[in-house]
Amino acid sequence: MHGPASHGWLLVALCAATGAYCLLRMRSHVEEQRRAAGGEALMGFGMAAMAVPAAAFTPPSWAWSGYAALFGAAALHALWSARGGAHHLHHLVGASAMAYMAVAMAASPGHASGPGGSGIPLVTGVLLLYFTGYVLLSGVRLVPVAAGGGGVGWGDRPELARACRLSMGIAMVAMLLTM
């Protein structure tokens with residue numbers, strides 16, 4: 001993504017740590033939590049890969065098409081899963097936003113046009129509004145949650161799962177701002 005290298009590395013660290021925690025959450029005994037954690041791990045690691053500063057590594061031009069295809073497939077999977085519950089719609093928006101950013105990066109000449117140089121401003125603005133609202137709402141919901149008991153495993157702690165989703169939402173806002 002565009003922007004200072006230090007911000008890019010912070011996003012990489014945040015998203016990779018979130019993806020790693022989501023992998024731990026996949027060990028949950030609750031099937032729905034395992035499925036959600038798998039999708040969130042994909043998003044976390046995908047966001048980490050896309051946030052690597054261009055000064056450190058410039059992916060080949062075909063990589064952006066690969067990201068778009070991967071996240072497009074994840075969006076289709078989330079759309080299919082949304083039949084079972086509306087809570088999958090956030091995954092649909094997130095995967096669609098990642099596919100949109102990958103397409104915008106693939107379409108931007110040289111991938112270095114600076115902030116505001118790639119993407120469709122209206123779409124980027126709508127996604128920014130959505131994820132900003134999501135972050136604010138998630139932050140409010142996270143505050144009153146008490147820590148889980150001693151017998152609860154790492155994959156089953158609701159406050160950590162919410163913090164994971166909140167951090168990915170914050171990273172998404174940062175990535176959209178640097179487009």
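## Contacts of Leu-176

With its neighbours within four places in sequence left aside, Leu-176 is in contact (heavy atoms within 4.5 Å) with Met-101, Thr-124, Leu-127, Leu-128 and Phe-131. Leu-176 is also one of the five residues, with Met-50, Met-98, Met-101 and Met-172, that touch the most other members of the largest nonpolar core.

The model is predicted: local features need pLDDT of at least 70 and side-chain atom pairs count only at pLDDT 80 or more, whereas totals for chains, interfaces and linings use all residues. Residues are numbered from 1 along each chain as its sequence is written, and side-chain values use heavy atoms, with hydrogens and water left out.

## Overall architecture

The protein has six helices and zero strands, where helices (H or I, at least four residues) and strands (E, at least two) are DSSP runs numbered from the N terminus. Along the sequence this gives the pattern α-α-α-α-α-α. Of the 179 residues, 41% are buried, that is, under 20% relative accessible area with a 1.4 Å probe and protein chains only; over 50% is exposed, and partly exposed lies in between. Among contacts with a separation of 6 or more, 75% join residues 24 or more positions apart.

## Nonpolar core

A nonpolar core is a set of buried Ala, Val, Leu, Ile, Met, Phe, Trp, Tyr and Cys residues joined through side-chain atoms within 4.5 Å. The largest one contains 41 residues. The elements α1, α2, α3 (61-81), α4, α5 and α6 each give two or more residues to this core, and its largest share, 10 residues, comes from α4. In soluble globular proteins, nonpolar side chains tend to be buried together.

Helix α1 comprises 21 residues (residues 5-25). The expected span of a helix is 1.5 Å times one less than its number of residues; for α1 this is 30 Å, and the end C-alpha atoms are 30 Å apart, which agrees. The buried residues of α1 are Gly-8, Leu-11, Val-12, Cys-15, Thr-18, Gly-19, Tyr-21, Cys-22 and Arg-25. These buried residues pack against α2 and α6.

Glu-40 lies in helix α2 and is buried, with a relative accessible area of 3%. Beyond its neighbours within four places in sequence, Glu-40 is in contact with Cys-22, Arg-25, His-91, Cys-164, Arg-165 and Met-168.

Cys-164 belongs to helix α6 and counts as buried because its relative accessibility is 4%. Cys-164 and Tyr-21 are 143 residues apart along the chain, yet their C-alpha atoms are separated by 7.7 Å.

## Enclosed cavity

On a 1 Å grid over the protein atoms alone, a cavity is a set of points where a 1.4 Å probe fits but cannot get out; a pocket is an open set with protein on both sides within 12 Å along at least five of seven lines; and lining residues have an atom within 4 Å of a point. Grid points are joined across faces, edges and corners, and a volume is the space filled by probe spheres set on the points.

The count is one cavity of 30 Å³ or more. The largest cavity has a volume of about 150 Å³. It is lined by 13 residues, of which Met-43, His-90, Gly-94, Phe-131 and Met-168 lie nearest its centre. The elements α2 (31-51), α4 (89-107), α5 (121-142) and α6 (158-177) each give two or more residues to this lining. By class, the lining has seven nonpolar, four polar and two charged residues; Ala, Val, Leu, Ile, Met, Phe, Trp, Tyr, Cys and Pro count as nonpolar, Asp, Glu, Lys and Arg as charged, and the others, Gly among them, as polar.

The volume of the largest pocket is about 580 Å³. Among its 20 lining residues, His-87, Tyr-134, Arg-141, Arg-162 and Arg-165 are the closest to its centre. Helices α2, α4, α5 and α6 each give two or more residues to the lining, with the largest share, five residues, coming from α5. The lining divides into six nonpolar, six polar and eight charged residues.

The second largest pocket holds about 310 Å³ of space. Of the 14 residues that line it, Arg-35, Gly-39, His-77, Ala-78 and His-91 are the closest to its centre. Helices α2, α3 and α4 each supply at least two lining residues, and α2 provides the largest share, seven residues. This lining has six nonpolar, six polar and two charged residues.
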